[in-house]
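Open the model in your viewer and keep the selection tool ready. We will go stop by stop, picking residues and looking at what surrounds them.

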Amino acid sequence: MENTTLRHRGRDDDEPSMPGNDRSTSKQRGDGSCCCPMLLPLLLRPRASWIWMYLSKRPKLLFGLGLLSSLVFVGCQFIRGIQLSNAVLKEDNHNNDEGSYHQQPQLMWQQTCEASRSGNMHRPPSPPQSNNNNNNTHSLRHQPKLDTFKHNTSFPNKNETSSVVVCTIAIHELPYLTEWAEYNLHVLNVAKLFLYDNANTPELSNWNVDSVSIGREEGSGQNSTHNTDSDKNSRISIIHYPGSKQQGPAYKDCARRALSEGYEYAFFTDVDEFLVLYQHNSITELAVDYLGKGDDDDVRMEVEIDKDEKIIGGRHEHIDEEGKLEEPTTSTLSELTTERNETRTVGSLGMNFRTLGNNCDIEYKDLPVSKRFQYRVEAAYPMNMYIKSLVKLKWLDLDVNFNDPHFYKLKKDDNGKEAVKIDTNRNVRGGSIHHMRLYDVAAVHHFLFKSLTEYIKKRERGGGTTGPSASLTEKAKRGIDNNGAPIPGGSIYDDEVWKRLVEKVPRYKKFDA
């Protein structure tokens with residue numbers, strides 16, 4: 001019986017090796033094989049050599065060698081098992097290394113974000129100084145400056161009815177909506193909010209509109225917050241507007257509604273944007289200062305016309321979906337020469353973004369956005385070139401599609417001259433970006449990122465005019481912004497939105513406790 005077993009083992013171990021399975025290369029392959037089984041065919045091959053004849057006469061020695069061979073074989077198998085386990089572990093670690101950025105992007109991004117902010121955090125001088133520096137962050141209210149524009153500057157008193165509406169479209173924005181609405185109603189003193197609910201199933205019906213504090217004196221005629229879009233006296237109107245890429249159509253519908261209800265201006269913005277005014281007490285003051293009040297008080301200005309019959313400074317520049325500046329299709333400003341001057345009506349005011357970093361936060365926190373994120377990025381950040389527009393509705397061309405949420409085509413006057421858009425320096429500008437990044441009069445504080453997980457969700461649902469972008473979503477999951485750079489945490493302290501909100505809506509003071 002014992003010999004049969006030995007013979008069986010001998011046949012198994014004496015099989016010819018297949019190509020690629022040579023035991024002599026097992027160590028090179030690193031598969032954990034060893035040469036211990038080769039002892040059996042050498043020592044125990046029956047009647048194949050003089051060794052067997054010698055051992056057959058010494059049973060104790062044979063038994064000892066067999067036991068030793070068995071122990072060595074078992075040891076080799078144990079070592080091989082350890083080697084295989086290590087190999088599997090190394091392979092898993094290697095795979096984890098390759099996929100860690102996708103499996104744990106939050107932690108890796110957070111480390112990069114915090115390292116980039118280290119030693120680079122600073123606050124503005126205290127007390128703030130009044131100046132015209134574009135990086136000014138102070139909250140002092142200045143008297144609106146008079147200018148040489150051809151209109152009579154007349155600012156409303158605090159009890160005068162506002163004539164500015166805000167148009168926005170939102171989807172999955174309920175956690176942020178109350179703070180944003182209260183800021184617009186009480187800090188900017190807008191007359192009405194037109195909120196377009198872009199969800200397939202109405203979401204804003206779950207929003208308790210009556211929880212939005214009014215903060216106005218009784219008798220002002222603007223204390224209602226009913227959410228029926230048919231009520232012209234309400235300060236919040238909610239319109240269900242589902243579908244993809246509906247931002248432009250919603251904004252056009254909003255403009256039509258505002259005109260039909262007798263409003264004069266519209267500010268087109270998003271729920272993650274908060275307009276900060278540095279030299280005006282309300283958005284109506286800003287509108288009257290730059291755009292004029294009423295039909296008989298339009299703002300008119302001299303503009304320079306080049307040889308191509310284009311306004312110098314008014315050529316349109318755009319940023320593509322990836323956040324890159326598109327190449328201009330006409331000559332640059334340095335190559336343009338003035339052929340003549342002519343008078344144009346001002347119909348729109350563009351104000352630059354001031355992007356807030358995300359404070360290197362990973363997850364959402366149940367706190368006001370303007371409390372959570374109080375460090376902005378440098379003025380040179382590419383997204384700060386974008387602008388948002390305050391428009392005098394009578395000059396808004398409603399016969400064309402609204403394809404760009406940053407600027408809008410304006411009508412022509414009785415002389416066939418199209419109205420112009422200006423910046424806060426009162427220079428004519430065209431397109432959706434202003435390179436100079438002007439911040440001395442107003443800035444649109446853009447809470448673009450929030451926490452990393454919130455930003456990923458934002459990119460997954462896509463933009464209001466472009467829809468979802470697979471490339472931007474993938475960048476967001478890797479902690480990368482539209483421009484291919486790490487999402488910034490922000491390094492310049494800026495609590496302008498928060499200070500104004502707490503001042504006008506005191507219930508927010510509890511978050512400072």
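Select Arg500 and Glu496. Both sit in helix H13 (residues 496-504), four residues apart, about one turn of the helix. Helices (H or I, at least four residues) and strands (E, at least two) are DSSP runs, numbered from the N terminus. The two side chains meet in a salt bridge, 2.6 Å from N to O. A salt bridge here is a side-chain nitrogen of Lys or Arg within 4 Å of a carboxyl oxygen of Asp or Glu. Arg500 and Glu496 are both buried. Buried means under 20% relative accessible area, exposed over 50%, and partly exposed in between (1.4 Å probe, protein chains only).

Is Lys499 buried or partly exposed? Lys499 counts as partly exposed because its relative accessibility is 35%. Glu496 has a relative accessible area of 3%, so Glu496 is buried.

A word on the model. This is a predicted model, in which local features need pLDDT of at least 70 and side-chain atom pairs count only at pLDDT 80 or more, while totals for chains, interfaces and linings use all residues. Residues are numbered from 1 along each chain as its sequence is written, and side-chain values use heavy atoms, with hydrogens and water left out.

Next, select Asp289 and Arg426. Their side chains meet in a salt bridge of 3.1 Å, N to O. This pair links distant parts of the chain, 137 residues apart: Asp289 is in helix H9 (residues 283-291), and Arg426 is in the loop between strand E11 (420-422) and E12. Asp289 is buried, with a relative accessible area of 1%. Arg426 is buried too, at 10%. A search of the whole structure finds 23 salt bridges.

Move to helix H8, residues 247-260. Its 14 residues reach 20 Å from first C-alpha to last, close to the 20 Å expected at 1.5 Å a residue. That expected span is 1.5 Å times one less than the number of residues. Buried residues of H8 include Tyr251, Lys252 and Cys254. What covers them? The cover includes strand E1 (164-170), strand E2 (192-197) and strand E4 (265-268). Just after H8, click Gly262, which takes a positive phi of about 90 degrees.

Go inside. Select Leu275 and Leu390. They have the most contacts inside the largest nonpolar core, which has 79 residues. Such a core is a set of buried Ala, Val, Leu, Ile, Met, Phe, Trp, Tyr and Cys residues joined through side-chain atoms within 4.5 Å. Helix H7 (residues 174-187) gives the most to this core, with seven residues. A second, separate core of 24 residues includes Phe194, Ala258, Ala266 and Phe402.

Then find His434, in the loop between strand E12 (430-431) and strand E13 (442-446). Is His434 buried or exposed? At 3% relative accessibility, His434 counts as buried. Leaving out residues up to four places away in sequence, His434 touches several residues, among them Gly350, Met385 and Asp423. Contact means heavy atoms within 4.5 Å.

Last stop: select Gly463, in the loop between helix H11 (452-461) and helix H12 (470-477). Gly463 is partly exposed, with a relative accessible area of 28%.
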